[in-house]
Structures are given as structure tokens and as C-alpha cells.
Amino acid sequence: MVKQWLQTNLKGDSVLWGIVIAFSLISVAVVYSATGTLAYKKMEGNTEYFLFKHTFLILVGLAFMWMAHKIPYRFYSKLSLVALVASAPLLIITYFWGSNINEASRWITIPVINQTFQPSDLAKLALISYLASMLSKKQQFLNDWKATLLPMLGWTVFICGLIAMTNTSTAVLLFATCLLLMFIGRVPIKYLAIVVLIGVVVGGTGLALGQRMDTAISRVEDFMNPNEVPFQLEQSYIAIATGGLVGKGPGNSDQRDILPHPYSDFIYAIILEEYGLFGGVFVLFLYLALLYRGLVTVNKSDGAFAGLLSAGLSFSLVLQGMVNMAVAVGLGPITGLPLPLLSMGGTSLIFTGISIGIILSVSRQDINEERAVGSAAVKSPLKAPANA
């Protein structure tokens, strides 16, 4: 009965479903442990508050993923430009009137439910979908600069420039993902070089006019300085070193009391402290498995839009995860990027769920087409000649 229900309601790549469920279970356990100190500071010791809140948000994200995977992926091609046009003014509104947290206006607080919403998450999903749609429709006209490349270039540098005003790391990562998507979509290298040049100029201007210029420079300088280790990174090193191979065990982290944002930016350090190197490698394996299943979907897809959409979203999620983990172990300058599918957050979990739901929608369509072809072959076998 349960198996039949799962087959009916959870379609698409079954391995990808399993990966997401594994991430969700790990996230609940680690966030519950990492928010212990936060609960004592803000909720008078009610440690279950963040457990229930985060679990609820994960379930909401899974619900959005389920709904997204039920929608035929071709619909997202039509919706992408609308979402892109809507996200631009939201980013501008956020910059001027958004909620200022940690010296950055990245959030809009939704009235009544009092939940923060990060428009950059919507813009990222919309831009990747739009580029996939444009690249698939204009495959024969990629040398036409004005008709094909100019709209893609314009939207890419405009959206990334707006995001750079409040969130440097997200803007850089999104711009790199867009370049990778254009490269996969066979945009000539000479045009990609122009995109990079214009992107650097516009992004640098957005950074200079925005709120994070001094912070971005200081973090790069701290990373390049061999004589000093930033406080966050020092505490992360301690967490990793004391975790060893097998870790201290679930809920036994000490650095969660000292490390800033152990439930979001540096949640990977808590994973390494509590579950050791083995736990950290397992999480890394899950991200590589997620990328692999996304690329399997690309390989099986028939249309250019399906393949580019799945590739863009897969690379976006996994690259962000790799950057977050690299920061935790000292391989990159400190950023404010959460670890997808694991960090505590509201809109991040929802839009991550939507992204994976779209990948599942592509794989679901491919599986349905394979079954239809197989069924037709069974129902209409080739008949031998009558005189055979």
C-alpha cells in the first residue's frame, strides 16, 4: 500500500527523492543541536522551538518541491520572464526598505506571518530558468548579438548587479552559474569574454554603490593574510580538529556556543565536530550524488530546455554547497551563503525545494516518455511477413 502510494505521488528520479530525504533528516538533527545556545538566548531555554520551526519549514519546502514536480517543466519556460520582471523591483525595494540584518538589507518581512523573504532566491531561480529558455529557443541564432545575446547579457548583469549591492557572494555565484550555463548552451567564447568584462564592470559598480563593499574587501584581505585567522574561521578549525574521524556525537558540539551562525553559515563545521570526518565526507558525497542525478536527468532529456534547466539548477545548488563547505575548512573567504538543504532558513528551503522539484519534473517527464515508448512497443510489436 505504501509503495503504491509513493509510486503514484512521488514521481521522477527515485534516487533524487532519497537524497533529499537524507538531507532533510540530517538537517533536522544538526540544526536542533546548533540552535541550542540561540534558544537559551532568545527563547528562554525552549530548545524545541527551533526544532519545530525548522522541521515545519523543511516540510513546507518538501511540499513546494512536490508541487513543483507535478507541474510540466515546459510551463517554467513561460513563467521565467514574468518571475524575472517581478524580481527586479523586489530587489530594489529590498535595498531601500528591506529588513537590515547583519548590516545588509537582503530581506523583506511579510506582514501578518512575520516571515522574512529573500528576493534574491526568486531572482536566482528566475534568471536560470530564463537563460535555459532563451538558449534552447535560440540555438540556431547564437551568433546574433542583438537578437539573442543582448537580452541574456542584459538580464544577467542587471540582476547580478542588483544582488551585488546587498549580497556579494550570491551575486558572484549566480554570475558564475550563468556563465557556465551559457557555455553549456554553446555561446561562443568571444561573447562569453564580453559577458565577463561587462559583468565585472556592472557588478563592481553595484558593489561600490551598495552596502557590502567594505565587508567584501576586508574578508578577501583576511583570507589572503597568512598571519591572522578570522574569529569565525578559528572557531571552525577548533570544531573540525576536535571532531576527529568519528565526531563527538549528535548534540555534543562545544563550538556551537562560540561560533557565529553555527546553524546557517558554519553548519558544516558543526557537522564535522559532531559526526567527524566520516560525517563530513558523507554530506559531500550527498552533494556529488545530487549533481550526478541532475546530470543523469540532463543526459536523458530530449529537449534543449529540459537539459539546460536541469543542469543550471543542479550546478547552482551544488556550487553553493561546495563554496559553503570550502569556507568552513578555510579554502575560501568567509561568505554569508547558507548550506543548501541543511542550513536553517525560510525562503532558502522553499526555493531550494522548488529548484529540486523542477529537476524532478524534468526527470518525471522523461520517465513517462520512456514508459510510453516501451508500452507502445509491447502493444504494437513488429510482425513478421506472412510468407516467413
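Select Gln-255 first, in the loop that joins helix H11 (231–243) to helix H12 (267–300). The model on display is a predicted one. Although Gln-255 belongs to a loop, the residue is buried, with a relative accessible area of 7%. To see what surrounds Gln-255, select Gln-235, Ile-238, Ala-239, Ile-270 and Glu-273; these are its contacts once neighbours within four places in sequence are left aside.

**The chain as a whole**

Now display the entire chain. Its secondary structure comes to 14 helices and three strands. Of the 388 residues, 51% are buried. Among contacts with a separation of 6 or more, 73% are between residues 24 or more positions apart.

**The largest cavity**

How many cavities of 30 Å³ or more does a search of the whole structure find? The search finds three. The largest cavity holds about 110 Å³ of space. To outline this cavity, select Val-20, Ser-24, Leu-57, Ile-58, Gly-61, Leu-62, Met-65, Leu-341, Leu-349, Thr-352, Gly-353 and Ile-356. Colour the elements next: helix H2 (14–34), helix H4 (48–70) and helix H14 (347–379) each supply at least two residues of this lining. H4 provides the largest share, with five residues. Coloured by class, the lining of the largest cavity shows eight nonpolar and four polar residues, and no charged ones.

Remain at this cavity and centre the view on Leu-341, one of its lining residues. Leu-341 lies in the loop between helix H13 (304–328) and H14. At 11% relative accessibility, Leu-341 counts as buried, because the cut-off for a buried residue is under 20%. Its backbone also deserves a look: phi of Leu-341 is near 75°, a positive value in a residue other than glycine. Most residues other than glycine have a negative phi.

Proceed to Arg-186, in the loop between H8 and helix H9 (189–209). Phi of Arg-186 is near 70°, which is again a positive value in a residue other than glycine. Is Arg-186 buried or exposed? Arg-186 is exposed, with a relative accessible area of 65%, whereas Leu-341 is buried.

**The second largest cavity**

The next stop is the second largest cavity, with a volume of about 70 Å³. Its lining has 10 residues, of which Leu-91, Thr-94, Arg-106, Ser-120 and Thr-166 are the closest to the centre. Select helix H5 (74–97), strand E2 (104–110) and helix H6 (119–137), the elements that give two or more residues to this lining. By class, the lining of the second largest cavity comprises three nonpolar residues, six polar residues and one charged residue.

**The second largest pocket**

Begin with Thr-168, Ser-169, Val-172, Pro-333 and Thr-335, the closest to the pocket centre of the 18 residues that line it. Helix H8 (168–184) and helix H10 (213–224) are the elements that give two or more residues to the lining. H8 gives the most, with five residues. The lining of the second largest pocket divides into nine nonpolar, six polar and three charged residues. Colour the chain by domain for a further view of this pocket: domain 1 (12–70 + 229–363) and domain 2 (97–228) each contribute at least three residues to the lining.

**Aromatic pairs**

Finally, show the aromatic side chains. A search of the whole structure finds eight aromatic pairs. One of them is formed by Tyr-49 and Phe-50, with an edge-to-face arrangement, 5.0 Å from centre to centre and 80° between the planes. Within this pair, Tyr-49 is partly exposed, with a relative accessible area of 34%, while Phe-50 is buried at 7% relative accessibility.

Trp-155 and Phe-158 form a further edge-to-face pair, with 6.3 Å between centres and 65° between the planes. What separates Trp-155 and Phe-158 along helix H7 (residues 145–164)? They are three residues apart in H7 and are therefore separated by about one helical turn. Phe-158 is partly exposed, at 38% relative accessible area.

Close the tour by selecting Tyr-95, Phe-96 and Trp-97, which ring pairs link into a cluster.

Conventions
Residues numbered from 1 in each chain as written. Heavy atoms only, no water. Helix = DSSP H or I, 4+ residues; strand = E, 2+ residues; numbered from the N terminus. Buried < 20%, exposed > 50% of the residue type's maximum accessible area, 1.4 Å probe, protein only. Contact = heavy atoms within 4.5 Å. Phe/Tyr/Trp six-rings, centres within 6.5 Å; stacked < 30°, edge-to-face > 60°. 1 Å grid on protein atoms, 1.4 Å probe; cavity = no way out; pocket = protein on both sides within 12 Å on 5 of 7 lines; lining within 4 Å. Nonpolar A, V, L, I, M, F, W, Y, C, P; charged D, E, K, R; others polar. Domains from an automatic or database assignment. Points joined across faces, edges and corners; volume = space filled by probe spheres on them.
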